[in-house]
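Please read the numbered points below alongside the sequence and the model.

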Amino acid sequence: MNIKLLKSKVEHDKTLVISGSKSESNRLLILQELFPSLTIGNVSDSDDVCAMQGALASTGDVVDIHHAGTTMRFLTAYYSLCSTRELTLTGSSRMQERPIGVLVEALRQLGADITYSKKEGYPPLHIKGQIAIGGKVELPADVSSQYITALLLVGTRLKNGIELHLVGNITSRPYIEMTLQLLSQLGVESSFNGNIISVKPLVKASTEQFTVESDWSSASYFYSFVALSPIGTTMQLKSYKEDSLQGDSQVSQLYTILGVETTYLEDYTIKLEKVRETDFEFKADLIETPDLAQTIAVTCFGLGIRCEMTGLHTLKIKETDRLVALQNELTKLGGVVDITEESIVVHPSKGMREGIEIETYQDHRMAMAFAPLSLKGEVTILEAEVVTKSFINYWDCLAEIGVNIVKK
């Protein structure tokens, strides 16, 4: 399905309820499998979370998680160390191009029996599950935080717990801290000192009810809409906490540079308001929040200001090479973009070409990040259904705030 977004204007002071965090939901679903007494409210309805739920409910010898990267990583650890099933864990053609060797090697240090069904270092994986005892593991610190989280989650049920020794500079620290805070709420003892993270085993959960906070990554697209709107434009989003566990909650601080102020109201509601125009350069190290890079890059292009972001090396192995994808699509719109292996610079633009078709590369964030440009002119999003990976009713929410949508 392709969607044409006609030139639009955001309606004033609309309120949207955003689905639960994909990151929190998938962590909690693994913990629920390990501690069955847990109940979870406001679970995300995204494709990735549905893939996790479907996989955990399956009984076959082949488990297909499609495009869900988080699900692939978390289940690799769970099935190999906390289950006695023998199975093949596979995914889409793109998933079979995303490396997983670092996690597999770490799991093998704990005794996991995992072999590659096709290409060395990549899914599909043949797993002979076992109940492991745990212990010390060493792995590079600059890998995806999902590898680290996968190990920490299963460490809660290993006899000796788990002690991770991270070598080098740590990437996406807030996602690791989110995991540890969820474990703390569960009753798990853990520590994070320097480059060593340890988790002790837990027999019984001390908390049995969790409510998932709404997803801050999803909120970022509405920050972009407000930033690209006239001064005085407001919008309200539910349900968000000022003391959020999610690293992407930093979006509220990052968008102050782009003229958007956040106010925390009652009932877990946040109010976004465009309070000023900005002609400043946007410059930030997003090593802790790389999923915000596409949204911010597109916002800065729409505002016509220079944008420089570093710390983005993990974007090369997402649903697509996100840095290349950004460069390709912004260039089509009239932008000038430079990229390296871990950075992007979007140079100031004088305007946007209208009527351009935006390729999404099977990447939900490409579709959602480019949609706010409809405030500057007509744009078409190709394969727009890809948003269901993390935000099923995204296009409905856009229609609700006043975006003119034509399905093609």
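1. The model under discussion is predicted. Between domain 1 and domain 2 there are 12 residue pairs in polar contact, counting pairs in which both residues have pLDDT 80 or more.

2. The two domains named above divide the protein chain as follows: domain 1 comprises 1-17 + 212-405, and domain 2 comprises 21-208. Their centres, taken over C-alpha atoms, lie 29 Å apart.

3. The extent of the interface can be stated in two ways. By contacts, 28 residues of domain 1 meet 32 residues of domain 2. By area, the two domains bury about 2400 Å² between them, and 49% of this is on carbon and sulfur atoms.

4. How many salt bridges are counted between domain 1 and domain 2? The count is 1. Asp48 forms a salt bridge with Lys389, and 2.6 Å separate the closest N and O atoms.

5. Asp48 also deserves attention within its helix. It belongs to H2 (residues 47-57), where Asp48, Val49, Ala51, Met52, Ala55 and Leu56 are buried. These residues lie on the same side of H2, because they cover an arc of only 155° around the axis. In an α-helix there are 3.6 residues a turn, so residues three or four places apart point the same way.

6. Which elements cover the buried residues of H2? Among them are helix H1 (22-34), strand S4 (62-64) and helix H3 (69-81).

Conventions. Residues are numbered from 1 along each chain as its sequence is written. This is a predicted model: local features need pLDDT of at least 70, side-chain atom pairs count only at pLDDT 80 or more; totals for chains, interfaces and linings use all residues. Side-chain values use heavy atoms; hydrogens and water are left out. Buried means under 20% relative accessible area, exposed over 50%, partly exposed in between (1.4 Å probe, protein chains only). Helices (H or I, at least four residues) and strands (E, at least two) are DSSP runs, numbered from the N terminus. The arc is that of the directions from the helix axis to the C-beta atoms. Contact means heavy atoms within 4.5 Å. Domain bounds come from an automatic or database domain assignment. Buried area is the accessible area (1.4 Å probe) that two parts lose on being put together, summed over both. A salt bridge is a side-chain nitrogen of Lys or Arg within 4 Å of a carboxyl oxygen of Asp or Glu. A polar contact is a pair of N or O atoms within 3.5 Å; within protein, one must be able to donate a hydrogen and the other to accept it, and residues adjacent in sequence count only if both atoms are side-chain atoms.
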